[in-house]
Amino acid sequence: MSNPKSGGLPRKHDVFQAIADPTRRRILMLLADEEMPIASIVERFPMTRTAVNKHLHVLSDAGLVKSQRKGRETRYRANPFPLVEVKQWVSFFEQYWDEKLNSLIQYVESDE
């Protein structure tokens, strides 16, 4: 998987690795609605600034978070577009879930 920011070099972390951690998923949800400086993000988690910064780096390496310098601070915002890869992967398995659900409905509605 290449990263356009790095001139086509492979990403250090892929989207699946990045969203595997519950803290990173919470950070993504937090940044989905607004751009925030790291200080505001740190306030919402019971961990050090260094730990939050490491999570932000993983998310950034996967292309899920973008940062921008504004004055003396760096502000972060979510970039949901790489999540399309996750959606496509999950949608492949929906056919199996639908089959199992239909089988369950038929079983429950049968007289046996």
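**Helix α4.** I began with helix α4, residues 49–61, in what is a predicted model. I asked what span its 13 residues should have at 1.5 Å a residue, and how far apart the end C-alpha atoms are.

I then looked up which residues of α4 are buried, and noted Val52, His55, Leu56, Val58, Leu59 and Ser60. These buried residues pack against the helices α1 (15–19), α2 (22–33) and α3 (38–42), and also against the strands β2 (65–70) and β3. After α4 comes glycine 63, for which I wrote down a positive phi, near 85°.

Between β1 and β3, which run antiparallel, I noted 2 bridges, and I found proline 37 standing opposite arginine 75 in β3.

**Salt bridges.** How many salt bridges does a search of the whole structure find? The search gives 4, and I followed up several of them by residue.

Glutamate 35 and lysine 70 meet through their side chains in a salt bridge of 3.0 Å, N to O. This pair links distant parts of the chain, since glutamate 35 lies in the loop between α2 and β1 (36–37) and lysine 70 lies in strand β2, 35 residues apart.

Glutamate 35 also forms a salt bridge with the side chain of arginine 77, at 3.9 Å, N to O. Here too distant parts of the chain are linked, with arginine 77 in strand β3 and glutamate 35 in the loop between α2 and β1, 42 residues apart.

I checked whether these residues are buried or exposed, and each counts as partly exposed: glutamate 35 because its relative accessibility is 21%, lysine 70 because its value is 40%, and arginine 77 because its relative accessible area is 36%.

The side chains of glutamate 73 and arginine 75 make a further salt bridge, at 2.9 Å, N to O. Glutamate 73 has 33% relative accessibility, and so it counts as partly exposed. Through shared partners, salt bridges join Glu35, Lys70, Glu73, Arg75 and Arg77 into one network.

**Threonine 74.** My last entry concerns threonine 74, which I located in strand β3, residues 73–78. Is threonine 74 buried or exposed? Its relative accessibility is 19%, and because buried means under 20%, threonine 74 counts as buried.

I also looked up the partners of threonine 74. Its side chain makes a polar contact with the side chain of arginine 69, at 3.1 Å. Leaving out residues up to four places away in sequence, threonine 74 touches Met36, Pro37 and Ile38, and also Ser67, Gln68 and Arg69.

Key
Residues numbered from 1 in each chain as written. Predicted model: local features only at pLDDT ≥ 70, side-chain atom pairs only at ≥ 80, totals over all residues. Heavy atoms only, no water. Helix = DSSP H or I, 4+ residues; strand = E, 2+ residues; numbered from the N terminus. Buried < 20%, exposed > 50% of the residue type's maximum accessible area, 1.4 Å probe, protein only. Polar contact = N/O pair within 3.5 Å; in protein donor to acceptor, adjacent residues only side chain to side chain. Contact = heavy atoms within 4.5 Å. Expected span 1.5 Å × (residues − 1). Pairing = 2+ DSSP bridges.
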